Amino acid sequence: MSSTCTDCLDPRQAGGPSAAPASSSTAPLPSAPATAESATALADAPRWAAIASLTLGVFGLVTAEFLPASLLTAMAADLNISAGAAGQTVTATALVGAVAAPSIPLLTRRFDRRQVMVALTVLLVLSNVLAVMAESLAVLLAARVILGVALGGFWSMAAALAMRLVPDRLFARAMSVILTGVSVATVCAAPIGAWMGEVWGWRSAFVAAGVLSLVTLTAQWLTLPRLPPKDNPDLRVLGELLTRPGVRVALLAVLLVISGHFAGFTYIRPLMENVTHLPVSAISAILLGYGIGGFFGNLAGGFLAERSERRAILAGGSLIVVLAASLLMAGSSAWVTAIAVVLWGFAFGAFPVGFQTWIVRAAPDHAEGAGGLLVAAFQIAIASGAIGGGMLVDHIGALGGPTFAAAAITLGTLLTFRHGPRAA
């Protein structure tokens with residue numbers, strides 16, 4: 001990402017719309033096309049329909065990514081594999097997403113961004129089709145690899161595109177709209193996936209995800225404007241970002257906290273089945289509560305992050321550590337498990353907005369590059385959590401997930417407490 005991109009400046013540091021021309025005049029070697037486009041973006045009305053299509057894209061991607069957590073035992077039984085092996089479908093998506101997040105902007109830097117986003121949504125459609133047709137773990141893993149490419153590429157460019165679709169003063173609002181897709185997917189994916197898997201089989205959930213991805217593809221085709229490439233990102237920019245202490249600490253905190261969360265979340269259904277001994281109807285209801293908790297957690301996390309992203313992450317991490325401990329000590333109780341899972345969803349809601357705010361404030365001059373590194377760290381963390389949690393689940397039982405979560409999130413929360421950003 002070029003350091004001359006005036007659209008990528010944080011509005012708070014740029015001083016709002018009126019300060020944009022001054023910031024472009026002080027940037028080193030500003031290019032005339034980028035400056036002109038920046039002025040046009042400020043003058044044009046925001047393209048909320050295009051922002052809504054990006055929200056649909058996020059919703060479809062996160063839904064497809066989270067479905068295995070609610071279908072794990074059914075998928076494992078149908079494909080004759082262990083629950084730990086089925087959980088590696090999450091690992092495959094995460095690892096590929098980690099590579100795709102910084103790579104896709106580099107590989108597609110000469111292409112219109114509208115074409116790139118539409119192509120990534122086509123990959124989402126293909127992934128869901130392959131998942132529906134999968135008769136072996138290999139085919140299912142191939143579907144999840146394709147999903148990882150779409151997921152990493154989409155997330156790495158979403159914020160940079162939002163900057164071009166709305167004026168600077170509305171960027172935060174646009175990102176909150178896009179992140180609503182995560183909230184709604186969190187509410188819908190797990191409980192609806194579990195219910196559909198019980199009634200029509202686990203493949204039916206991926207059929208629904210495929211239909212959703214086709215709707216998303218149509219919306220993006222109709223609403224996204226032409227967005228010619230204007231940056232020239234390269235490996236040098238990514239290397240320079242990694243030299244910044246604030247960026248490095250943020251990425252390490254992501255690796256610890258998010259890996260812990262997904263170690264617990266990916267294997268939460270085996271815990272509810274084998275430790276709490278809940279029926280599928282109760283599991284679906286609890287997962288719905290988890291999603292609703294996540295929706296309100298996103299709102300609470302945004303409220304906290306506006307004042308201090310450090311406090312948002314500390315609050316979410318501390319609460320999950322307490323909840324994981326409660327599952328380890330009293331996971332056989334239906335009430336303890338239900339309350340812990342719902343509150344876990346609420347606590348997790350503070351992480352996406354908290355970490356995104358942290359990384360943007362740490363690198364306001366290279367938002368696209370920093371966003372790619374953040375997505376890569378998230379995906380590596382998801383893979384680490386799925387692998388570590390899966391190993392513990394296969395060796396010590398269903399309580400392995402919360403054990404991993406308690407240890408990793410404690411370390412990440414302490415790191416944030418000691419070295420996280422301080423409120424201005």
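Q: Why is S213 called buried?
A: In this predicted model, S213 has a relative accessible area of 0%. Buried means under 20%, and 0% falls under that cut-off, so S213 counts as buried.

Q: Where is S213 found, and which residues is it in contact with beyond its neighbours in sequence?
A: You will find S213 in helix α9, which covers residues 202-223. Leaving aside neighbours within four places in sequence, S213 is in contact with T121, L124, V125 and N128.

Q: What makes the pair of G210 and S213 a polar contact?
A: A polar atom of the S213 side chain lies 2.6 Å from the backbone oxygen of G210.

Q: How do you know whether S281 is buried or exposed?
A: Look at its relative accessible area, which is 57%. Exposed means over 50%, so S281 is exposed. S281 belongs to helix α13, residues 280-307. Between the C-alpha atoms of S281 and A194 there are 8.7 Å in space, while the two residues are 87 apart in sequence.

Q: What makes H261 a buried residue, and what does its side chain contact?
A: H261, in helix α11 (residues 245-266), has a relative accessible area of 0%, which is under the 20% cut-off, so H261 is buried. Its side chain makes a polar contact with the side chain of W344 at 2.9 Å, a distance within the 3.5 Å limit. Not counting residues up to four places away in sequence, H261 touches Y290, I320, W344, F348 and I409.

Q: Why are α4 and α6 called roughly parallel?
A: The axes of α4 and helix α6 (residues 113-133) cross at roughly 30° and come within 11 Å. Angles under 35 degrees count as roughly parallel, so that is the name for α4 and α6. The crossing of α4 past α6 is left-handed. On the α4 side, the contact is made by L54, G60, L61 and A64, and on the α6 side by M117, L124 and N128. By class, this contact has five nonpolar, two polar and no charged residues. L124 and N128 are also among the residues in contact with S213.

Q: How many helices and strands does the chain have, and how many of its residues are buried?
A: The chain's secondary structure comes to 18 helices and zero strands. Of its 424 residues, 59% are buried. Among contacts between residues at least 6 apart in sequence, 86% join residues at least 24 apart.

Key. Residues are numbered from 1 along each chain as its sequence is written. This is a predicted model: local features need pLDDT of at least 70, side-chain atom pairs count only at pLDDT 80 or more; totals for chains, interfaces and linings use all residues. Side-chain values use heavy atoms; hydrogens and water are left out. Helices (H or I, at least four residues) and strands (E, at least two) are DSSP runs, numbered from the N terminus. Buried means under 20% relative accessible area, exposed over 50%, partly exposed in between (1.4 Å probe, protein chains only). A polar contact is a pair of N or O atoms within 3.5 Å; within protein, one must be able to donate a hydrogen and the other to accept it, and residues adjacent in sequence count only if both atoms are side-chain atoms. Contact means heavy atoms within 4.5 Å. Axes are lines fitted to C-alpha atoms, for helices over the stretch in contact, and angles run from 0 to 180 degrees between N-to-C directions. Angles under 35 degrees count as roughly parallel, over 145 as roughly antiparallel, 65 to 115 as roughly perpendicular and the rest as oblique. A crossing is left-handed if the near helix is turned anticlockwise from the far one by less than a right angle, and right-handed if clockwise. Ala, Val, Leu, Ile, Met, Phe, Trp, Tyr, Cys and Pro count as nonpolar, Asp, Glu, Lys and Arg as charged, and the others, Gly among them, as polar.
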